[in-house]
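Biologist: I am new to this structure and would like a close look at a single part of it. Please take me through that part slowly, and then on to what else you can describe.

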Amino acid sequence: PQAGATASHTYNAAGTFTVTVTVKDTANLTSTATKTVSVSGTTSPNLIGNPGFETSMSGWNASGRAGVTFSQSSTARSGTFSAVITNTNSTTVPECTLNDSPNWVKSTVPGTYQISLWVRADTPGATLKLKIREYTSSGAAVTSGSSTVTLSATWQQVKFPYVVSASGNNLDFNALTLNSAPGTCFYADDASITGPP
């Protein structure tokens, strides 16, 4: 069962698969559709060196406002730890941000990158934006891409494809919530950037 109108599935092996989707409305009426999909066997490695925050917080920081911190948490989606971003102020802050530092992708290649992060919150309802910003090697902003999700108390994946504008650029990965109340902003786990095959 899915909470919304879209669903996703990751296949662990190449092959041809039959996908069946059944929808049910509020009157309990259903409709089913079936489609065959082909999954290729080429996968790119994760370019993030510390995707699950298992041994440390290296490669990441909590950029944004004073009083926004991050640390390891035992509230993990997979493995033992995740990252937790917290607003330690007694008032609402404009944003809580988890940022890769330094950038995991320092020299892009032509093609499409797949961007992904698993997130959750203690209190549902805030909007989280997963964002990639592309910069030239001299630091000039080029373009960006993003996807948003409404945080819930259960883990959910936010992801999107990003087509780079040129070779040799940097990609800045960050996840953020706006107008963050005091306390836990969000948890993050299993961050991923995969490059063109």
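Biologist: How do the residues of the lining of the second largest pocket divide into nonpolar, polar and charged?

Modeller: In this predicted model, the lining of the second largest pocket is made up of 6 nonpolar, 6 polar and 1 charged residues. The pocket itself has a volume of about 170 Å³, and of the 13 residues that line it, A126, S180, A181, T184 and C185 are the closest to its centre. Two elements, β11 (170-180) and β12 (183-194), each give two or more residues to this lining, and β11 gives the most, with 4 residues.

Leaving aside neighbours within four places in sequence, I115 is in contact with several residues, among them L130, V158, F173 and I193.

W60 and F173 form an edge-to-face pair, with 5.6 Å from centre to centre and 75 degrees between the planes. Because W60 lies in strand β3 (residues 60-61) and F173 in strand β11, this pair ties together parts that are 113 residues apart in sequence. W60 counts as buried because its relative accessibility is 5%, and F173 likewise counts as buried, at 0% relative accessibility. Ring pairs link W60 and F173 with F53 and W104 into a cluster.

Conventions
Residues are numbered from 1 along each chain as its sequence is written. This is a predicted model: local features need pLDDT of at least 70, side-chain atom pairs count only at pLDDT 80 or more; totals for chains, interfaces and linings use all residues. Side-chain values use heavy atoms; hydrogens and water are left out. On a 1 Å grid over the protein atoms alone, a cavity is a set of points where a 1.4 Å probe fits but cannot get out, and a pocket is an open set with protein on both sides within 12 Å along at least five of seven lines; lining residues have an atom within 4 Å of a point. Grid points are joined across faces, edges and corners, and a volume is the space filled by probe spheres set on the points. Ala, Val, Leu, Ile, Met, Phe, Trp, Tyr, Cys and Pro count as nonpolar, Asp, Glu, Lys and Arg as charged, and the others, Gly among them, as polar. Contact means heavy atoms within 4.5 Å. Rings of Phe, Tyr and Trp (its six-membered ring) pair if their centres lie within 6.5 Å; planes under 30 degrees apart count as stacked, over 60 as edge-to-face and the rest as tilted. Buried means under 20% relative accessible area, exposed over 50%, partly exposed in between (1.4 Å probe, protein chains only).
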